[in-house]
Each structure stands twice: as structure tokens, then as C-alpha cells.
Amino acid sequence: MQPVDTSVSNNPILEVAHESTHSEHPDNRLFGFVVFLLSESVIFLSFFAAYIVYKTTSLNWLPNGVTGLEIREPAINTVILVSSSFTSYIAEKFLHKKQLWGFRAFWLLTIAMGSYFLYGQAVEWSGLAFGFGDGVFGGSFYLLTGFHGLHVLTGVLLQLIMLVRSFFPDNYAKGEFGVESTSLFWHFVDVIWIALFTLIYMWQ
């Protein structure tokens, strides 16, 4: 007498049930990305806390010959960067409606605004009268603005990848996780910059 084979591969009913069980697993990628952003927030908060401690305890905070930071151009860059969060949001709305040309236009505008922010930061750095090694303030300034600038550059590169992918046929048939996570990262970068701008430029 032959034994009965009850394996999933030989039982159509069990095979369908097995496949449906796997297909019902929730997609936790966005949750995992949020956890990643929270870990990044801890790093920035640690830097902010160190900056506050150094500023309130250092006897000679500013380098010799430096009386403060110019605020006009950084403020303009701040307005541009923060506004880019709104263009990113509008681009997402177009994508939800499957209007790819609207998505590409506002997404490209977001990329341009982020790139302008990086350019403005480079121009500011080139005109500063102090360097990374000029005291605690010099090191803290370049560390904070440079680390944030690295995140802005990462966000711009991710946006470029998403823009290129929008030209692939049926690229968003399985969801819009790439665009959603990139946009979320961009909002995070903007919020961090608001805190950083307040801490470094407005609190002088």
C-alpha cells in the first residue's frame, strides 16, 4: 500500500492556501524606513546637544576675528529648501493620480531646489573666514552643516533615481514605496535643517 503524500507541492488546495498566506504578509518596508529615520534623528540630536553644551560652556566660542555669521543668504537657502518639501508633496499627489508628467515636473523642481541649496552652502563655505580646525565653533559648524549637506546630497541622488524610474513602463504597478520613502527622507532633511538653522544662525 502506497503512503499518502500530503505535501503542499502535491496538494492543490494546500498549495493555494500556502501561497495566499505568503501574499497576506504585511509590507513593513515603510515602517523599517521610519525606524531608520528615527535612528538618524538620534545622531542629529546628539550633535545638537553637544553644540549647546560647547556654546554655553566655552570661554572663547568664536574664532579670532569672527564676530558672527552672515544670515541673509542662509535664510534664503532655508526658504528654498523648506519650500522644496511642498513641491515634493505636490509631485506625490500627481503620482497618486497616475499623472506622471505632473509628477516629473514637480519632482524635477524639488531636485533643482535641493541642488541650489547645496550650491548656496558651497558658496557660503568658500567665503567663511574660519576653517574646520578653528576652535570648537569651527569644528562644530562644519560638522553639523556638512553632515546635513551630505543628507541633502543623498536625497537629491535618490530623487534622481526615482525620476529615471518614472520612465520605466509599469514601474509603479506594485506600489510607490520608492517615491514615498524618498519624499519622507526629504521632509526629514528639511525639518533637521530648520532646527540646525535656528541653533547655528539665529542663536548667535
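This is a short chat about a predicted model of one protein chain.

Visitor: Hi! What should I know before I start looking?
Guide: Residues are numbered from 1 along each chain as its sequence is written, and side-chain values use heavy atoms, leaving out hydrogens and water. Since you are looking at a predicted model, local features need pLDDT of at least 70 and side-chain atom pairs count only at pLDDT 80 or more, while totals for chains, interfaces and linings use all residues.

Visitor: What's the average pLDDT of the chain?
Guide: The chain averages 87, where pLDDT is the predictor's confidence in each residue, from 0 to 100. A score of at least 70 is reached by 85% of the residues.

Visitor: Where does pLDDT stay under 50?
Guide: One such stretch is residues 4-9, with 6 contacts beyond four places in sequence; contact means heavy atoms within 4.5 Å. Residues 12-23 are also below 50, and that stretch has 5 contacts beyond near neighbours in sequence.

Visitor: New topic: how do α2 and α5 cross?
Guide: Helix α2 covers residues 29-57 and helix α5 covers residues 135-165; their axes come within 10 Å and cross at roughly 160 degrees. Helices here are DSSP runs (H or I, at least four residues), numbered from the N terminus. Axes are lines fitted to C-alpha atoms over the stretch in contact, with angles from 0 to 180 degrees between N-to-C directions.

Visitor: So are they roughly parallel or antiparallel?
Guide: The two helices are roughly antiparallel to each other, a label for angles over 145 degrees.

Visitor: Which residues meet there?
Guide: From α2 they include Glu40, Phe44 and Tyr51, and from α5 they include Leu144, Phe147 and His151. The contact divides into 11 nonpolar, 3 polar and 1 charged. Ala, Val, Leu, Ile, Met, Phe, Trp, Tyr, Cys and Pro count as nonpolar, Asp, Glu, Lys and Arg as charged, and the others, Gly among them, as polar.

Visitor: Is glutamate 40 buried or exposed?
Guide: Glutamate 40 is buried, with a relative accessible area of 12%; buried means under 20% and exposed over 50%, with a 1.4 Å probe and protein chains only. Glutamate 40 touches Phe147, His151 and Phe188, not counting residues up to four places away in sequence.

Visitor: How far apart are glutamate 40 and phenylalanine 188?
Guide: They are 148 residues apart in sequence and 9.4 Å apart in space, C-alpha to C-alpha.

Visitor: And what about lysine 98?
Guide: Lysine 98 lies in the loop between α3 and α4 and counts as exposed at 56% relative accessibility. Its phi is near 65 degrees, a positive value. Most residues other than glycine have a negative phi.

Definitions and conventions: Parallel < 35°, antiparallel > 145°, perpendicular 65-115°, else oblique.
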